[in-house]
Amino acid sequence: MAQREWVEKDFYKELGVSSDASADEIKKAYRKLARDLHPDTNPDPSASERFKAVSEAHSVLSDPAKRKEYDETRRLFAGGGFGRGRFNGGGGGGFGGGFGGGGAYGSEGVEFNLNDLFDAAGQTGGANIGDLFGGLFGRGASPRPSRPRRGNDLETETELSFLEATKGVAMPLRLTSPAPCTNCHGSGARPGTSPKVCPNCNGAGVVNRNQGAFGFSEPCTECKGSGSIIEHPCGECKGTGVTTRTRTINVRIPPGVEDGQRIRLAGQGEAGLRGAPSGDLYVTVHVRPDKVFGRDGDDLTVSVPVSFHELALGTTLSVPTLEGKVGVRVPKGTSDGRILRVRGRGVPKRGGGHGDLLVTVKVAVPPNLEGEAAEALEAYAKAERASGFDPRAGWSGA
């Protein structure tokens, strides 16, 4: 996105947040607006344009580097960092108040617009503003070849079961967004034809112009800064190379993905104009809790109900894992709540291997005990007291 566009757009206003909003506040505001405005759920034509604007704002403000650049650009230009003034041809007057947002005048009183400089920067693939100012005084670099603007990044969300998240899954995602035109394959030209190099700027997208004592570059008026001319525009996309359509892409979710994790899919975002590279797609994964399993980093957790005699006498438990069941040995005299570790039976790790399975044993007490079982337990209680065992010995200082 060109600096001029950043000056003209208020991304914070688009999301309804303040300029000092936290990353979480920006994320929550975007999610709410995206749900309300998404073309799949809101048939209002105006909602589609609003959805694009909200997505564009989020793609900038959710990226710390882009947000910093955006804030600095707006402070510098929109905030009056270059106040209104005139150029002096005499050399002693300097710039007066500096540059204004509206226009300035050369030594012969001819007005030029600072917006032209922004246009030139955007159309030359993000050329440094300093280069353009240097060109204004006849000492800048020669015009750079025009590069089409990359498409914006997109964001979407998906929900997975616990097992799908831990084991990985291939799944389709349905998106409604700008995508390369299928009729012209993103070139913007009618099938059977091709864009031609602009004869006015020789494909540079900018032309040099002298005005009195100054010389500077400005966007080519013939190709509007693109560097090419489409004589026979595609009937589907009207020469832009982009159409809004609903598409389904197959996404491979890697094993071990965690709740809230963002997955980047390169080149699956919004299409760039006239064959420019597409942006990226970021998929935020939400994981549904499981009735049996839990997770602690790369370790899989499970609680297994056991009886008192199994802990007292020892036993072998059949415990579920991601790949079937495994036998877990409970030593004699194991206490309630003890965690038993089974190596390599946990969640797949990103770098290879697996975490561990953590088995917590929890005593299940029978709600009603009658007959021989009750008599046997009473006999055991007498034998326990006779042996001198006191479960509360030393408890609370007693």
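Two residues are in contact when heavy atoms lie within 4.5 Å. By this rule, Leu160 touches Ala165, Val169, Met171, Ile253, Val257, Val285, His286, Val287 and Arg288, leaving aside residues up to four places away in sequence. The model is predicted, so local features need pLDDT of at least 70 and side-chain atom pairs count only at pLDDT 80 or more, while totals for chains, interfaces and linings use all residues. Residues are numbered from 1 along each chain as its sequence is written, and side-chain values use heavy atoms, without hydrogens and water.

Leu160 also belongs to the largest nonpolar core, which has 36 residues; Leu160, Ile253, Val319, Leu357 and Val359 have the most contacts inside it. Such a core is a set of buried Ala, Val, Leu, Ile, Met, Phe, Trp, Tyr and Cys residues joined through side-chain atoms within 4.5 Å, where buried means under 20% relative accessible area (1.4 Å probe, protein chains only). A second, separate core of 18 residues includes Val17, Ala47, Val60 and Tyr70.

Val359 leads on to the strands, where it is the bridge partner of Leu340 in β17. Strands are DSSP runs (E, at least two residues), numbered from the N terminus, and two of them pair if DSSP finds at least two bridges between them. Four bridges join the antiparallel strands β16 and β17 (residues 357–363). Both belong to an open, mixed sheet of four strands in the order β12-β13-β17-β16. Because β12 (293–296) and β16 (339–342) each have a single partner strand, one side of each is left without a neighbour in the sheet.

Key. Buried means under 20% relative accessible area, exposed over 50%, partly exposed in between (1.4 Å probe, protein chains only).
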